[in-house]
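Here's a quick briefing to read alongside the structure. Keep the model open and find each spot as you go.

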Amino acid sequence: IDEELGNYQGIANHIGNIGNIYLTISDYPKALHYYHQALAFAEKIDNSESIATNIGNIGSVYLHIQDYTSALEHYMKALTIQEKLGDLIGSVINTCNIAAVHFHLKEYQASLDYFLKALDIYRTLDNKTGVAETYSNIGVIYKEISDYENSLNYYHKSLTLNQEMGNKFGIALNVSGLGVVYSEELYKNYNPDKAEELLLQALQLYEELGVRKELYDIHQILSALYYQTGNWQKAYHYHKLYHDLEKEVLSEEAKKHAEQLYYERKTAERDKQIAIDHAKHEATEHLLHNVLPPSIAAKMLDGATLIAEKLQNVSVLFADIVEFTKLSQLISAEDLVAGLDGIFSRSEE
C-alpha cells in the first residue's frame, strides 16, 4: 500500500522491520539485504533519523557475524548522526553497541569509557532499566581486568536497582556476577563459601525463570568452583548437569535451525510457484489479446465464463481471398500468417 502511495518513509520502515526478522532468525545475508534497501529509501527522502537507525542495524549484523571492524564503523556513523540530531535514545543504544564491540575486541578501557558515557545518558533519561544494565556491564569489565572491588561495587549498584524494579532476571544476573568475583582466587577477599551461596541463589532464580542458557552457565561455574575447592562429588554432579543441559539447549538450537531451513525451502518453493503462475498468466494474457477484442480478453482474464454483449448497430463483412488455397500451398506457414496479419491490420486502419 505504501508503494502505491509513494510513501518512502513507510516503505523504509517496513523493509527495516523485515530486516529485523531476518536478524532475529540469524539469516544475516537477508538481514543485510533488507537493511541496505531500507537505508536507500531513507536516504532518498533524506530522513536522518531513519538513516541512522538503518546504519546502526547494519552494524548489529556485523556484530553478530563477529566482523567487529565493520560493526564499529557503522555504529560510529549512526552515533554521529544521532548526536547531531539530539536523539538521546538512539545515541545511548549505539553508545552501548560500541562499548560491546570494544569488549569483544578485549579493548576494555575503550569499552568502559563508552559504557560510562551511556550511563550518563540513561541517567539524563531517568531510565532505571538502562542504568541497571550498564552498571552490570561495567561490573563485567572490571572483573575482566581483575579490579574486583570496582566490579563488586557496580554489581551491587545494579542489584539494588533491579531489586527496586522487581527485575528477577537482572537480580539473578547480578547475584551470579557477585558469586563469580568471590570465586576468583586472585581476589584478596576470595571466599568460596560466599561464592557458593551466591551462585546457588542465582541458580534458584534462573530455575524459577526457566532460562536454560543461563542455567547451564551457572552449572559450569559451580562445577569449576567445587573442583577448585576439592569437592569432587559436587564438581562431577554440576558438570554432568551442565553437560546434559547444554546438549538439550544445543539440540533445541539445532531444531530451530532445521525449522529455519524448512521455512526457507518452503519459501523458495512458494516463490518458484508464484513465478511459474505469473509466467503462465502472462502467456495466457498475450494469447487472448492476440485473438480476441480487448474488452472480451479482459473479461476472460477476470474469470468470466459466459460472455455476451448487445450492440445496437453492427456491420458484417464476408470476404474471400482469390486463390487463397493455391497460395497457401506455395509459401511457408510463416509468410502466410505474416501476409494475413498485414491485410487485416491494414483493414483495421
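Gln66 counts as exposed because its relative accessible area is 58%, and exposed means over 50%, buried under 20% and partly exposed in between (1.4 Å probe, protein chains only). Keep in mind that this is a predicted model, where local features need pLDDT of at least 70, side-chain atom pairs count only at pLDDT 80 or more, and totals for chains, interfaces and linings use all residues. Residues are numbered from 1 along each chain as its sequence is written, and side-chain values use heavy atoms, with hydrogens and water left out.

**Loop residues with positive phi**

- You'll find Gln66 in the loop between H4 and H5; helices here are DSSP runs (H or I, at least four residues), numbered from the N terminus.
- Gln66 isn't a glycine, yet it has a positive phi of about 65 degrees.
- Asp46, in the loop between H3 and H4, isn't a glycine either and has a positive phi of about 55 degrees.
- Asp46 counts as exposed because its relative accessibility is 59%.

**The nonpolar cores**

- A nonpolar core is a set of buried Ala, Val, Leu, Ile, Met, Phe, Trp, Tyr and Cys residues joined through side-chain atoms within 4.5 Å.
- The largest one has 41 residues, and Val61, Val101 and Ile138 touch the most other members.
- H7 gives the most to this core, with eight residues.
- A second, separate core has 29 residues, including Leu152 and Tyr216.
- Leaving out residues up to four places away in sequence, Val101 touches Leu63, Tyr68, Ala71, Leu72 and Tyr75 (contact means heavy atoms within 4.5 Å).

**A buried threonine**

- Thr134 sits in helix H8 and counts as buried because its relative accessibility is 1%.
- Setting aside neighbours within four places in sequence, Thr134 is in contact with Phe115, Leu119 and Tyr122.

**The largest pocket**

- A pocket is an open set of points on a 1 Å grid over the protein atoms alone, where a 1.4 Å probe fits, with protein on both sides within 12 Å along at least five of seven lines; lining residues have an atom within 4 Å of a point.
- The largest pocket has a volume of about 830 Å³.
- Of its 27 lining residues, the closest to the centre are Ser136, Asn137, Val140, Tyr155 and Leu173.
- Which helix gives the largest share of the lining? That's H8, with nine residues.

Technical notes
Points joined across faces, edges and corners; volume = space filled by probe spheres on them. Helix = DSSP H or I, 4+ residues; strand = E, 2+ residues; numbered from the N terminus.
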